[in-house]
Amino acid sequence: MDQKIHTQIVIIGSGPAGYSAAFRCADLGLDVLLIERYNTLGGVCLNVGCIPSKSLLHIAKVIKEAKELDDLGVSFNKPLINIRKIKNWKESIIKRLTDGLSHMRKKRGIKIIEGNASFNTENSLLVKNKESQFLVYFKNAIIATGSHPIKIPSISYDDERIWDSTDALLLKKIPDRFLIIGSGIIGLEMATIYSSLGSQVDVIDRFKDFLPLVDKDIANIYVKSINKRFNLLLNTHLNEIKVTKDQLIIRMTQDDIEKKDLYYDAVLIAIGRMPNISGLGLESIGIKINNFGFIEVNKQLQTNISHIYAIGDVTGPPMLAHKGVHEGHIAAEVISGKNHFFEPQVIPSIAYTEPEIAWVGLNEKQAKKQNINYEVASFPWSASGRAMASNSSTGMTKLIFNKINNKIIGGAIVGTNAGELIGEVSLAIEMGCDAEDLALTIHAHPTLYESIGLCAEVYQGTVTDLLNIKFKK
């Protein structure tokens, strides 16, 4: 017999979007029930995604920097990789964070059921786990079920050497030869990690352009920087993976030329992610799905059924944790009666590679498409004292300004800690800053972030740290 539960708010999924929505709802005095199919909070991001990957990327960065110091007169022995200790450290970080979330859930009085949920009416859910079955009646629901890796239909995933991103982060082994299919953020981050740990890595992608959301000048700096660490093969199509006892035999075509059989010890497939909406019973209650398979929502995150909301990856790109967190806050606030909307000017994106790539707002291609009269200002890190002193002069800061009103409309940074530096650019766009606002804000010297102020000076024609091509008497 079903156990019946009545709640004001039910939230399906406890990733960054789901737990943020739950915590905000509770803080606003609402009665909250959280449904999660796994036994820990945090979703993919915390348990098998963002957090574990960043811990391994930190190790990769330190290994790279240690190798580079050899040219500067400081030599270390070849690193000894203890996979067990690395895994234990990674798991300890995850545990500290998940324990923290669990503590905050309990302190906020949020109830939780472990299980899989599906809608059976517009105001009720059926939740099943191995032991029990619950019938949950709600006034409002928030769908925050996240996403999963896209699979290639022609490939069998039964072999333990064919990985998705979750497998790659388990550190099962360090393959001698490692193939990554997909040069998006996940593929590049895994290439960064495994090449540092000793794998010979090839990254292939069927597209001709590398990171199409980033302008070529930024992309080219990154591509040049990784030449000695791993191979990037664009316009390359996977034809076949043949599984043998000892190796995986790969057949691929690059620039319409078929390559001979290539041998790898593991293959990671990282070609994108799809929303977790199968099995939720959305069709039975008539929730609209768009042509790309994502749940349609308005600016208050409501579906076409106004008391059912959707947040995070299930609503479509950009599929980023920080977007989901903000959507969760807005959904909670709307349910509580506040007339709030999710309408950010910009959402930053970061590839946590080495060097990092970060971008926000419009790129040049988008500005042209929108017929904006724009101008680019850039500052090479080869002219940055801090970058040179940190042995990180491979980089560039680039800002895009609207020439009509001098306001900043976009920016991109490639270089060490670019993901931290992009924050000022994001804030500047959100606040409607113009070039003068940035140029007259005193930036500390020597720092990497002063390159943002210097870019604004380049645009204004007041820069003194570079030859001033716009100088006027």
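G146 is in contact (heavy atoms within 4.5 Å) with M274, P275, N276, D313 and V314, leaving aside its neighbours within four places in sequence. The structure is a predicted model, in which local features need pLDDT of at least 70, side-chain atom pairs count only at pLDDT 80 or more, and totals for chains, interfaces and linings use all residues. Residues are numbered from 1 along each chain as its sequence is written, and side-chain values use heavy atoms, with hydrogens and water left out.

G146 is placed in the loop between β6 and β7 (strands are DSSP runs of E, at least two residues, and helices runs of H or I, at least four, numbered from the N terminus). T145 is also found in the loop between β6 (133-143) and β7 (147-149). Residues up to four places away in sequence not being counted, T145 touches I12, N276, L280 and V314. A polar atom of the T145 side chain lies 2.6 Å from the backbone oxygen of N276. An unreviewed UniProt entry lists T145 and G146 under "binding site", together with K54, S147, D313, M319, L320, A321 and H322; such annotations may be inferred rather than shown by experiment.

K54 belongs to the residues of α3 that meet α6: S53, K54, L56, L57, A60 and I63 in α3 face E189, M190, T192, I193 and S196 in α6. The residues of this contact divide into six nonpolar, three polar and two charged (Ala, Val, Leu, Ile, Met, Phe, Trp, Tyr, Cys and Pro count as nonpolar, Asp, Glu, Lys and Arg as charged, and the others, Gly among them, as polar).

Conventions
A polar contact is a pair of N or O atoms within 3.5 Å; within protein, one must be able to donate a hydrogen and the other to accept it, and residues adjacent in sequence count only if both atoms are side-chain atoms.
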